[in-house]
Amino acid sequence: HALTDLGRHDEARRYAELFRYAPDAHVVTDEHGVILELNTIAENKLGRIGRFLVGKPLLAVVARADRDAFLACLAALCDRLAPLEDELIRFGSDPGFDASISAMPEQRESGLEIRWILRDVTERRRAERALRASEARNRAVLDVAFDGVLSIDAEGAIRSSNTSLSRMFGYRAG
């Protein structure tokens, strides 16, 4: 039995290290969303010292505008006992962060626990918004240009054209 206990102890220690130093924020809550445990990244991302968050509702650190969405996720997890993938929720206030959340409910002897993984996607979303804004600016510049401009793909198909080119040839811009 001593070797079995030692193996379990090593396994528990490895799990604790993996949990503590995982690259994404990991939070464990009960079925009411009350924080039971969180890792180092979660402590840092949520902007509070972990010992002050344990026992508090995870909802308290969800951005006000996303609280209904978070509560819907929590209810779905408790009702279906099925994993949740890629919901987008904003945590914190200023500056806060956008998180793609995944969650896994798990029935324990002590009750339902939910393991939340919060992947920070703030920079990706910022880059996507900047790209859309840049594309809109480029489109606006092309649409007011006097010269006809068109974009052709590798197979020779026209992918887009500006208003001037459309007027020149009597086609609708696309």
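In what order do the elements of the protein run from the N terminus on? The order is α-β-β-α-α-α-β-β-β-α-β-β-α. That gives six helices and seven strands. Both are DSSP runs numbered from the N terminus: helices are H or I, at least four residues, and strands are E, at least two.

A word on the source. This is a predicted model, where local features need pLDDT of at least 70, side-chain atom pairs count only at pLDDT 80 or more, and totals for chains, interfaces and linings use all residues. Residues are numbered from 1 along each chain as its sequence is written, and side-chain values use heavy atoms, with hydrogens and water left out.

Overall figures next. The protein has 174 residues, and 29% of them count as buried. Buried means under 20% relative accessible area, exposed over 50%, partly exposed in between, with a 1.4 Å probe and protein chains only.

Now the core. A nonpolar core is a set of buried Ala, Val, Leu, Ile, Met, Phe, Trp, Tyr and Cys residues joined through side-chain atoms within 4.5 Å. The largest one here has 24 residues. Those with the most contacts inside it are V27, L46, L58, F91, I101, W116 and L118. Who supplies it? At least two residues each come from β1 (25–30), β2 (35–38), α4 (67–80), β3 (84–91), β4 (97–108) and β5 (111–120).

Look at L58. Leaving out residues up to four places away in sequence, L58 touches V27, T29, G33, I35, L46, F70, F91 and W116.

On to the aromatics. Rings of Phe, Tyr and Trp (its six-membered ring) pair if their centres lie within 6.5 Å; planes under 30 degrees apart are stacked, over 60 edge-to-face, the rest tilted. The whole structure has two such pairs. One joins F91 and F97: centres 5.6 Å apart, planes at 20°, so stacked. F91 and F97 are both buried. The charged end of K45 sits over the F97 ring, 4.9 Å from its centre. The test there is NZ of Lys or CZ of Arg within 6 Å of the ring centre and within 35 degrees of the ring normal.

Then S100, in strand β4. Is S100 buried or exposed? Buried, because its relative accessibility is 14%. Beyond four places in sequence, its contacts include D86, L88 and I117.

Last, cysteines. C73 is buried at 4%, while C78 is partly exposed at 27%. Disulfides, meaning cysteine sulfur pairs within 2.5 Å, number zero.

Key: Contact = heavy atoms within 4.5 Å.
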